[in-house]
Amino acid sequence: MKNLKNYTTLFLSLLLVLSITSCKEDKAITPVKVDFKKEGELTLFKGTTDTIIKVFNIEIAKTDYEIQTGLMYRESMKDDQGMLFVFNDVQMRSFYMKNTRIPLDLIFFDHNKRIVSFQENAKPMDENSLPSNTPAQFVLEVNAGTAQKLLLDVGDKMDYFEYLLEK
């Protein structure tokens, strides 16, 4: 009987050691790759002449989840791509770069789709506030340096259309 108790104790101890070491096993976590999904097109126009400045392929963020995650976890974005945030109302907006790995320009638009302000060259992973400084309804995120490269000004306009995607 004493031997059975010793074997049982030994077996349970061995089982405990195996379960503890298997929990500590280093398992590589593969990060999820977030690919660009073209959901529409956005055209920027010069405010004074209506001349087309540039056309972007865009993802559109409208739901709370899409707005909260934005371009987080992306490794890169092409120069003709961006993300348009569409809000139901016009108010002061504030963004940050938490978990965002690429530098961005944020372009804020009012309800008439006219540029009202910029936050240029936002630093990756920076959690400081990036406010609109004036009420806005739309925000376009593009690669850092784009606003300067395209010589965008307050008063320039945008228009966009969204593809009707079948679910």
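**Reading the contacts and the sheet**

Analyst: Start with a charged pair: Glu162 and Lys62 make a salt bridge, with their closest N and O atoms 3.1 Å apart. Keep in mind that this is a predicted model.

User: Where do Glu162 and Lys62 lie in the chain?

Analyst: Glu162 is in strand E9, while Lys62 is in the loop between E2 and helix H2 (64–69), so the pair ties together parts that are 100 residues apart in sequence. Glu162 is partly exposed, at a relative accessible area of 35%. Lys62 is partly exposed too, at 43%.

User: How many salt bridges are there by this rule?

Analyst: The count comes to 10 salt bridges. Another one of them joins Asp159 to Lys113, with the closest N and O atoms 3.2 Å apart. Asp159 sits in strand E9 and Lys113 in the loop between E5 and E6, so this pair ties together parts that are 46 residues apart in sequence. Asp159 counts as partly exposed at 39% relative accessibility. Lys113 is partly exposed as well, with a relative accessible area of 22%.

User: Which residues do salt bridges with shared partners join into one network?

Analyst: Lys46, Asp153 and Asp156.

User: Now Arg93. What is its salt-bridge partner?

Analyst: Asp89 is the partner, and the closest N and O atoms are 2.8 Å apart.

User: Is Arg93 buried or exposed?

Analyst: Buried means under 20% relative accessible area. Arg93 has 7% relative accessibility, so Arg93 counts as buried. Asp89, at 37%, counts as partly exposed.

User: Which ring does Arg93 lie over?

Analyst: To read a charge over a ring, check the distance to the ring centre and the position over the face. Arg93 lies over the face of Phe87, 3.8 Å from the ring centre. A lysine gives a second case: Lys54 lies over the face of Phe56, at 5.6 Å from the ring centre.

User: Rings next. How many aromatic pairs does the rule give?

Analyst: It gives 5 aromatic pairs. Take Phe85 and Phe95. Their rings are 5.0 Å apart centre to centre, with 85° between the planes. Planes over 60 degrees apart count as edge-to-face, and this pair is edge-to-face.

User: Which parts of the chain does that pair link?

Analyst: Phe85 belongs to strand E3 (residues 81–91) and Phe95 to strand E4 (residues 94–95). The two residues are 10 apart, and the pair links distant parts of the chain. Phe85 and Phe95 are both buried.

User: Which residues form the aromatic cluster?

Analyst: Phe85, Phe87, Phe95 and Phe108 form one cluster.

User: What about backbone angles? Where should I look?

Analyst: Asn99 is one case, with phi near 60°. Asn99 is in the loop between E4 and strand E5 (104–109), and is partly exposed at 23%. Met125 is another, with a positive phi of about 70°. Met125 is in the loop between E6 and strand E7 (130–131) and counts as partly exposed at 44%.

User: Finally, the whole chain. How many helices and strands does it have?

Analyst: It has 3 helices and 9 strands. From the N terminus, the elements run α-β-β-α-β-β-β-β-β-β-α-β. Of the 167 residues, 35% count as buried. For contacts with a separation of 6 or more, 69% come from residues 24 or more positions apart.

Key: Residues are numbered from 1 along each chain as its sequence is written. This is a predicted model: local features need pLDDT of at least 70, side-chain atom pairs count only at pLDDT 80 or more; totals for chains, interfaces and linings use all residues. Side-chain values use heavy atoms; hydrogens and water are left out. Rings of Phe, Tyr and Trp (its six-membered ring) pair if their centres lie within 6.5 Å; planes under 30 degrees apart count as stacked, over 60 as edge-to-face and the rest as tilted. Helices (H or I, at least four residues) and strands (E, at least two) are DSSP runs, numbered from the N terminus. Buried means under 20% relative accessible area, exposed over 50%, partly exposed in between (1.4 Å probe, protein chains only). A charge sits over a ring if NZ of Lys or CZ of Arg is within 6 Å of the ring centre and within 35 degrees of the ring normal. A salt bridge is a side-chain nitrogen of Lys or Arg within 4 Å of a carboxyl oxygen of Asp or Glu. Contact means heavy atoms within 4.5 Å.
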